[in-house]
Number of protein chains: 2
Amino acid sequence: MGLPQEKEQEHGFMKLALEQAQMSLDDAEVPVGCVFVRDGKVIAAGRNQPNRTHNATKHAEIVAMDKLYAEHGVDTATQRWFADVVLYVTVEPCVMCAAALRIAGVRRCVFGCRNDRFGGCGSVLNVSSQQQDGSLPVLECTEGVYKDEAVRLLRLFYSQENANAPRPKKKSNRKVQCT
Amino acid sequence: MGLPQEKEQEHGFMKLALEQAQMSLDDAEVPVGCVFVRDGKVIAAGRNQPNRTHNATKHAEIVAMDKLYAEHGVDTATQRWFADVVLYVTVEPCVMCAAALRIAGVRRCVFGCRNDRFGGCGSVLNVSSQQQDGSLPVLECTEGVYKDEAVRLLRLFYSQENANAPRPKKKSNRKVQCT
């Protein structure tokens with residue numbers, strides 16, 4: 001017997017997010033990818049690209065949200081539109097992205113592995129559900145979908161980074177590579 | 001006797017940020033404005049414009065940072081460049097903006113009034129100094145510069161909003177107006 005239909009869909013969307021993460025890795029970026037889904041359809045995809053864009057804030061979720069805002073215009077100006085949107089992302093959103101998702105009004109996020117360094121959905125701060133103001137809906141998170149695959153991509157990146165480094169870098173001098 | 005030179009400069013930059021906030025108010029946006037300063041010169045200005053851009057995440061700080069990243073390209077890809085940057089903003093940065101500033105590497109922020117609903121520099125969450133990862137420098141904040149003027153603009157906005165509203169809106173249906 002296969003997976004229930006909902007689980008199968010969830011896995012299908014996360015596979016698409018992993019494809020985006022693989023594309024980040026191919027570009028020598030920290031590999032994180034995501035897709036936004038509404039009414040069962042992918043409406044935007046994004047991958048982490050701070051180096052490519054020369055903008056440290058261009059995480060996968062922000063890249064995809066910028067596309068959504070640009071393409072859907074006024075529809076996205078209310079939280080109602082985002083209430084039906086689900087985010088599938090390979091790594092737990094960071095503090096900035098978790099806050100941006102709440103401001104937009106996204107209410108559901110499925111992520112692969114945790115982000116122990118910068119995670120905003122419980123790992124470092126609990127921005128996703130922290131009471132801020134009644135007008136910001138809580139972001140409900142489900143974790144662990146294709147977790148091992150998400151971790152495998154991150155490990156690949158960091159092992160390549162280490163292999164290419166002529167000498168160890170001081171942590172304080174490192175380029176921002178948070179996800 | 002006048003103010004010491006440093007204070008005088010600080011006041012001068014905050015006045016420019018207030019001008020930006022006034023422009024948001026003129027556009028019927030929640031009035032928040034900012035300037036980024038480096039080597040004693042304004043390098044970018046921004047004002048809150050989620051309605052104008054149809055993008056709820058386009059807070060004053062994000063708007064100005066997007067300009068900085070676009071104009072200064074590779075220079076801004078490291079935290080070193082931002083280490084010499086000071087942000088003057090009329091209202092305490094929200095959780096998302098505080099996190100974005102830390103990711104960029106900005107180390108100093110001067111703000112006017114507190115943001116009791118969404119503030120990320122102590123009022124709701126302490127993103128500015130919260131330990132996340134050693135690679136993200138702490139954002140040191142000074143508050144209270146032209147605080148009354150910042151509050152006056154916010155009150156003007158909310159009193160106009162109330163005067164124009166045909167009937168009270170439910171909080172859950174309100175457009176995102178966080179600052």
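**Exercise 1. Charge pairs**

How many salt bridges does a search of the whole structure find over all chains? Then work through the pairs that involve A:R108 and A:D27.

*Solution.* Keep in mind that you're looking at a predicted model.

Step 1: get the count. The search turns up 18 salt bridges over all chains.

Step 2: take A:R108. Its side chain meets that of A:E10 in a salt bridge, at 3.5 Å from N to O. This pair links distant parts of the chain: A:R108 belongs to strand β4 (residues 108–113) of chain A, while A:E10 sits in helix α1 (residues 5–26) of chain A, 98 residues apart.

Step 3: check how each partner is placed. A:R108 has a relative accessible area of 27%, so it's partly exposed. For A:E10 the value is 4%, and that makes A:E10 buried.

Step 4: move to A:D27. The side chains of A:D27 and A:R47 meet in a salt bridge at 3.3 Å, N to O. A:D27 lies in the loop between α1 and β1 (33–38) of chain A and A:R47 in strand β2 (residues 41–47) of chain A, so this pair ties together parts 20 residues apart in sequence. A:D27 counts as partly exposed at 32% relative accessibility, and A:R47 counts as buried at 16%.

Step 5: look for another partner of A:D27. A:D27 also forms a salt bridge with A:R52, with the closest N and O atoms 2.8 Å apart. Here the loop between α1 and β1 of chain A, which holds A:D27, is linked to helix α2 of chain A, which holds A:R52, and the two residues are 25 apart. A:R52 counts as exposed, at 52% relative accessibility.

Step 6: finish with a network. A:K58, A:D66, B:K58 and B:D66 are joined into one network by salt bridges that share partners.

**Exercise 2. Two helix pairs**

Work out how α5(A) packs against α3(A) and against α5(B): is each pair roughly parallel or roughly antiparallel?

*Solution.* Two packed helices are described by the angle between their axes and the distance between the axes.

Step 1: start inside chain A. α3(A) and helix α5 (residues 95–104) of chain A pack at an angle of about 25°, and their axes are 10 Å apart. Angles under 35 degrees count as roughly parallel, so α3(A) is roughly parallel to α5(A). Their crossing is left-handed.

Step 2: list who touches whom. α3(A) brings A:E61, A:I62, A:M65 and A:Y69, and α5(A) brings A:M96, A:C97, A:A100, A:L101 and A:A104. Sorted by class, the contact of α3(A) with α5(A) has eight nonpolar, no polar and one charged residues.

Step 3: go across to chain B. α5(A) and helix α5 (residues 95–104) of chain B pack at about 150°, with axes 8 Å apart. The cut-off for roughly antiparallel is over 145 degrees, so that's what α5(A) and α5(B) are to each other. The crossing of α5(A) and α5(B) is left-handed.

Step 4: list the residues here too. On α5(A) they are A:V95, A:M96, A:A99, A:A100 and A:I103, and on α5(B) they are B:V95, B:M96, B:A99, B:A100 and B:I103. The contact of α5(A) with α5(B) divides into 10 nonpolar, no polar and no charged residues.

Key: Residues are numbered from 1 along each chain as its sequence is written. Chains are lettered from A and ligands numbered from 1 in the order in which they are written. This is a predicted model: local features need pLDDT of at least 70, side-chain atom pairs count only at pLDDT 80 or more; totals for chains, interfaces and linings use all residues. Side-chain values use heavy atoms; hydrogens and water are left out. A salt bridge is a side-chain nitrogen of Lys or Arg within 4 Å of a carboxyl oxygen of Asp or Glu. Helices (H or I, at least four residues) and strands (E, at least two) are DSSP runs, numbered from the N terminus. Buried means under 20% relative accessible area, exposed over 50%, partly exposed in between (1.4 Å probe, protein chains only). Axes are lines fitted to C-alpha atoms, for helices over the stretch in contact, and angles run from 0 to 180 degrees between N-to-C directions. Angles under 35 degrees count as roughly parallel, over 145 as roughly antiparallel, 65 to 115 as roughly perpendicular and the rest as oblique. A crossing is left-handed if the near helix is turned anticlockwise from the far one by less than a right angle, and right-handed if clockwise. Contact means heavy atoms within 4.5 Å. Ala, Val, Leu, Ile, Met, Phe, Trp, Tyr, Cys and Pro count as nonpolar, Asp, Glu, Lys and Arg as charged, and the others, Gly among them, as polar.
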